[in-house]
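Here is a short report on selected residues of a structure. Look at the sequence and the model, then read on.

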Amino acid sequence: MDPEVSAVRLTVWEAVHILSSSEDGGRIFCTLGSLKRYLGETENSALPEEQEEFARIHFSTFLRCLVGKLSPDWLELLPDGQMEELWASFFLEGPADQAFLVLMESIEGAASPSFRLMKMARLLARFLSVGRMAAVMEGQCRQQAGPAFPLLQETLLTKVVGLPDLLGNRLQRENLATFFPQNYFPLLGEEVLRVLQVVVDSLRGSQTPIFRSQILRLHHVQGHLSPGGLDCSVSFLSQVLGKACVHGRQKEVLGVLVPRLTVLTQGSCLWQRVCWCLVERVPDWAMEAVLKGFVEAAPGPEVLSRLLGNLVTKSKKAQFVMTRKLLFLQYSCTPRPVPPPGSPGRAGGVCLADGERTPALSQMPMLQSLLGYLAMDSQRRSLLMQALKELLETWGSSSAIRHVPLVQQCYVSKAILICLAHLGEAELRDNQDELLASLMEGVKSRLDSSLPPVRRLGMIVAEVASARIHPEGPPLKFQYEEDELTREMLALAMPQPTADSPSEAGPSFAPVSGETPDRETVDRSGPQVGPEGSDSELDSDDEFVPYDMSVDREQRSSKAPSYVRGCLEALTGSEDWERWEAALRALEGLIFRSPAATQEVSVELAKVLLHLEEKTAVAGFEGLRQRTLVAVTVTDPARVAEYLTAQFYALNYSLRQRMDILDVLTLAAQELSRPGRLGKAPQRGSPDPGSQPGGAVVPAWRAVVEERVRRKTRRFSKGSVGRAPAVGPNEFNSVAGYFFFPLLQHFDRPLVTFDLLGGDQLVLGRLAHTLGALMYLAVNTTVAVPMGKALLEFVWALRFHGDVYVRRGLLSAVSAVLLSVPAERLLADLLDELLEARSWLGDVAEKDPDEDCRLLAVKALLLLEKLRDKLLPLSSP
Amino acid sequence: MAAPPLPPPDPQFVLRGAQSAVHALHFCEGAQGQGRPLLLSGSLRGLVHIWSLQTRRVVATLDGHGGQCVTWLQTLPQGPQLLSQGRDLKLCVWDLAEGRNAVVDSVLLESVGFCRGSVLAGGLQRWMLAVPGRGSDEVQILEMPSKTSVCSLKPEAQARPGMPMCLQLWQADSSPRPLLLAGYEDGSVALWDISSRKVCSRVACHTEPVMGLDFDSQEARGVSGSAEKTLAVWSLDEQQALQVRGTHVLTNPGIADVKIRPDRRILATAGWDHRVRVFHWRTMKPLAVLAFHSAIVHCMAFAADGLLATGSGDQRISVWSLYPCT
């Protein structure tokens, strides 16, 4: 051994010596050429042992020496860049890992900016472009005796993944495009794929049964390599992948990897195994990042299942990530994610599978993939059931409903629906009791919520879930208006037939997406296309587009009463429903036409209207009744408001009626405080809005008349010619107290049937909003100051209320106080209250779980600021 | 899918000032070479107003029916002559030329019914007039301006169709024989051959009195409306036989008048439910419901350029421009 060893060593020493001392280009060239023998590329290459020794012991030393020599003069020693070519070839052809490390090291060590740094960076770019990165990683995969040099591997890993950062730092503005993360990481993905290809090829190459078992072992033994001639480990690749993902580069790396792997693993057992192995070996600290990337990038559950295998049953960490973290802690609920350009197969494939389900799927691809993946294998289904139980529990927890943002609640609800769609009847029946219990509790606490979206989520999930969990029971049915969200959620609940692998439809993406707009245009132009179909009718009569004919309703024959008292009789005593309805319809107009007659019976009328029940199906009954009540209140504000506010705290009313009272008071106050109301009031009573002629007619003649007047009138002063805004005293001024104070009186005194501070928080929230509105409408009235004071006290008493809706009401009430009470009076009379409110607002703005609350608090704070700004110039002199 | 339907149209303008319910409307084309036609309206109080569509004001008021309702207005092609029928059992012929407005002639009617007359002005000087006759079920045919009674069309004794409710004289292009379509009180529509004084064909279209009918002679198809909820479309075949082609059910009962636009593309009905309904004439597809009036719509008229005027018990006349005329 000794002679050979010394032979290699001597040659290298000599070469190093010549390099460091000689200025003779030819000599250096020869020396370098002689050393190239050891790289094994040339014909008269050295013995394998020598090559190996050179590579193991001397190569990096030699490279460092080469780096040290790098200077413009030195490269000029031979013409035509021969020297540089030769110099570079050592880096590009020698053992990749050492070359890479030396490159990185010298880039790190080079002064910046310098000739050497740029040279090295270019060389590194070349190194990457000729695919040497694959060689680096392949070298690590082929390590025979396990992670022999953990330190080396660790360093390599850091350098491989940290390359863009390092280069960016060193080169600053001179950075090359190759090293930008958005370019480098896709390249890294490609390289990983190439190494995987090599691994697969080498596995496929040995057909011996032993090797088959090795593959299996590769699959089963974790983090440990089985010895063997051609054995490979993908654990370095896994680490690279993991680290890149942890660095937040999932999109770039997996955007390249996943689509390719999707294709490759289809129908190839070997590829699948290798892929599973790749994911399994991902270290725990990177598992979450990698899995999230995979779930996001996978076009569907089938692909995910093929790529991950039964990972969740093998790795505790993976199981935790998949069944808890991605479901409960991370919600990325972007409403309509655009499929990344790297994976065209996603949207297109789904489109192809089933056009109707497309919107739902394209909106929730991640949840669909994740839960679909759990559902696809019998070993994983128990996890799905477990996930459903936990989801339902979270969904139903009243504390979560109060403290979790709405977006996440929506996410959890969708997850539940998808779970239900995947689970079979039998599985659900086994856990029926448990599921039903948590579902029912959730439905209850959701329906109690005062926020409509929360209630609606409760209704949708309850309908779907109860039908699936308890099919034999009576179906739950709620009334909620349909919108995009509900349709989407209901679509999610449809059981999914296991799609015939839609993911591979990458190539067919273009035609499908091209067709969709076509179909839309066809739909839209339907009426126009019509005549072509019926060829006998060649004239273009079908251009006649029908107008809206919804006004064409049955005409009532019954005659409406013509006096207010007549209406009152008809509404109380009449058994003739047509007359009853006609009276109801006529009443509002009558009230406006004869205020005096109304005032005589105003309280009686209010009482009748408040207690009026919808006995026949009258279209728009609620609106009619409300408008009429408002009309009565406006006509005789003091007495009716007194009556209504007293009834608000009376015993035998439904919540609906109490809320009606609040609405009516608000609307009436709004009407009363409207400037210029007197001139226009009867307009509202006109029964048929259709009887006004076209809008274009009136302005035309008015313009003509005004023009004529203007021409014939001589003006001496050029004032503003435009019409002055309608002015008049605020009619609300004299009666605001009747509206406001009685409502504040009894809120803390529970009745048998009505407990504002207890379960009837919805009404409390409405009350807070109403008080705020009344306060706002009382702007410029004398009573505003005591109102503001009372309202701030009310707010102070309830400021820590648990219900979001109530808190919103309180916050808007504070803003109303700030807007309505004159600034001087605020400071003089309400200073303490304001200071208290301010600190509370600050708290809410920072800590409240509800976004709207925070926003309202910030708005109120801004108003306060404005107030201070307004007062400062006053107080400074 | 399809765009939401257009909101219901508004009238182009509204004529106020008839001061009583409007019972008759007629467009008088291009009198005095003016750009826009005149609109004639007959009111419940017996006045005939002549409206200029240019200024939208009353140009002249004719008082010739002694305060009794004017039910029918018609101009004659030769010279600006106007026929007005009133409930005072008089049919006046007015001369409107050169701003005159005098009654030049009048015919005494013998029926107190609501039936409007009809005119067939084929020749230059002579024209034919159909009006309800002396007997309650008779139709009288007069030759004008001589006022000679040509004949009286009396249904056979066993038919008992009741009073005639609406009339329309017409003449097929191919034959010189004048024909009369008459809607009767029992809901039937009959086709009379005036020369032979025979009913060619009679078909029961409605169960209530026929209130209005209009006929499209080019397609030999007609439509009638009655006091009930349905609109009947019927046609006339080669053998002069009437056949009901179809019925169209409306939301509310009662049709006061039906008119086909001169270009035969749309059809309008005046409803007792205060609404005017517009249909596509060939397909009978509903196109619009004009809910403008607040009382019964009594009468309608189409101008040659497609303008639609409707007169109602709420004393207003609304003028509409729908679906441009070709």
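B:I266 sits in strand β23, which spans residues 266-271 of chain B. Helices (H or I, at least four residues) and strands (E, at least two) are DSSP runs, numbered from the N terminus. The model is predicted: local features need pLDDT of at least 70, side-chain atom pairs count only at pLDDT 80 or more, and totals for chains, interfaces and linings use all residues. Residues are numbered from 1 along each chain as its sequence is written, chains are lettered from A and ligands numbered from 1 in the order in which they are written, and side-chain values use heavy atoms, with hydrogens and water left out.

Is B:I266 buried or exposed? B:I266 is buried, at 3% relative accessible area. Buried means under 20% relative accessible area, exposed over 50%, and partly exposed in between (1.4 Å probe, protein chains only). Leaving aside neighbours within four places in sequence, B:I266 is in contact with residues including A:F544, B:W281, B:L322 and B:Y323. Contact means heavy atoms within 4.5 Å. B:I266 and B:C325 are 59 residues apart along the chain, and their C-alpha atoms are separated by 9.5 Å.

Together with A:Y547, A:F544 and B:Y323 form one aromatic cluster.

**Aromatic rings**

Rings of Phe, Tyr and Trp (its six-membered ring) pair if their centres lie within 6.5 Å; planes under 30 degrees apart count as stacked, over 60 as edge-to-face and the rest as tilted. By this rule there are 13 aromatic pairs over all chains. One of them joins A:Y184 and A:F185: the pair is edge-to-face, with 5.4 Å centre to centre and 75° between the planes. A:Y184 is buried, with 1% relative accessible area. A:F185 is buried too, at 3%.

Why is the pair of B:F215 and B:W234 stacked? The ring centres are 6.0 Å apart and the planes lie at 15°, so the pair counts as stacked. B:F215 lies in strand β18 (residues 210-216) and B:W234 in strand β20 (residues 230-236), both of chain B, so the pair ties together parts that are 19 residues apart in sequence. B:F215 is buried, at 9% relative accessible area. B:W234 is buried, at 0%.

**Charges over rings**

A charge sits over a ring if NZ of Lys or CZ of Arg is within 6 Å of the ring centre and within 35 degrees of the ring normal. Here are two cases.

| Charged residue | Ring | Distance from ring centre |
|---|---|---|
| B:R87 | B:F114 | 4.4 Å |
| B:R221 | B:W281 | 4.2 Å |

**Helix residues in chain A**

A:S89 lies in helix α5 (residues 82-93). A:S89 is buried, at 7% relative accessibility. Not counting residues up to four places away in sequence, A:S89 touches A:K36 and A:G94.

A:Q153 belongs to helix α9 (residues 150-171). At 10% relative accessibility, A:Q153 counts as buried. A:Q153 and A:M137 are 16 residues apart in sequence, and their C-alpha atoms are 9.9 Å apart in space.

A:W701 is in helix α38 (residues 697-712) of chain A. Is A:W701 buried or partly exposed? A:W701 is partly exposed, with a relative accessible area of 45%.
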